[in-house]
Amino acid sequence: MGSRSSHAAVIPDADSIRRETGFSQASLLRLHHRFRALDRNKKGYLSRMDLQQIGALAVNPLGDRIIESFFPDGSQQVDFPGFVRVLAHFRPVEDEDTETQDPKKPEPLNSRRNKLHYAFQLYDLDRDGKISRHEMLQVLRLMVGVQVTEEQLENIADRTVQEADEDGDGAVSFMEFTKSLEKMDVEQKMSIRILK
């Protein structure tokens with residue numbers, strides 16, 4: 001047997017994880033190596049502090065929000081499959097992914113819709129299914145810091161919510177969010193490399 005098979009045996013449920021996330025065996029092995037490197041105490045899971053070791057997240061203004069996405073429902077730890085599921089949102093969409101998609105199978109984690117849903121959750125701070133003006137303002141503050149005045153930020157938040165809010169409820173639903181981003185190339189922006 002080659003080294004590929006022996007490494008795959010180290011990853012529990014490797015085939016299942018590969019099918020769910022779309023990562024190749026080689027990518028999955030790299031991610032497993034990265035997971036183990038972040039798990040310095042060999043606990044078998046990662047905490048928020050472990051993820052804060054990722055340099056790209058430390059300098060990302062939304063780094064804390066991205067880290068939070070690894071811990072749905074207030075959990076305190078993420079295992080390897082959970083780690084890979086979140087990272088799958090950042091995997092580029094390949095043409096073959098959409099062409100060979102079995103309609104009976106769930107949509108890939110890196111589909112356009114799932115990428116948009118992931119991005120939406122970064123803005124929906126209270127997880128109520130809507131992005132309020134207040135939430136938009138909070139995220140804008142994280143992203144631009146002190147480079148823009150508070151008045152300018154408020155104007156940007158107001159205008160953004162106003163332009164996207166089709167039903168006039170003063171907030172942006174997921175569908176409104178999706179429509180407002182249709183012209184942007186979200187897949188390319190979400191295909192960042194946070195694993196280096």
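Is Lys179 buried, partly exposed or exposed, and at what relative accessibility? I looked it up: Lys179 counts as partly exposed at 42% relative accessibility (buried is under 20% relative accessible area, exposed over 50%, partly exposed in between, with a 1.4 Å probe and protein chains only).

Ground rules first. I am working on a predicted model, where local features need pLDDT of at least 70, side-chain atom pairs count only at pLDDT 80 or more, and totals for chains, interfaces and linings use all residues. Residues are numbered from 1 along each chain as its sequence is written, and side-chain values use heavy atoms, with hydrogens and water left out.

Next, the partner. Lys179 forms a salt bridge with Glu166 at 3.4 Å, N to O (a side-chain nitrogen of Lys or Arg within 4 Å of a carboxyl oxygen of Asp or Glu). Glu166 sits in the loop between H11 and strand E2 (171-173) and Lys179 in helix H12 (residues 174-180), so the pair ties together parts that are 13 residues apart in sequence. Helices (H or I, at least four residues) and strands (E, at least two) are DSSP runs, numbered from the N terminus. Glu166 itself is exposed, at 55%.

I then turned to the other pairs. The structure holds 11 salt bridges. Among them, Glu150 meets Arg141 at 2.4 Å, N to O; I found Glu150 partly exposed at 33% and Arg141 partly exposed at 35%.

Last, I checked helix H10, residues 133-144. Its buried residues are Glu135, Met136, Leu137, Val139 and Leu140. Just after H10, I noted that Gly145 takes a positive phi of about 60°.

Conventions:
The expected span of a helix is 1.5 Å times one less than its number of residues.
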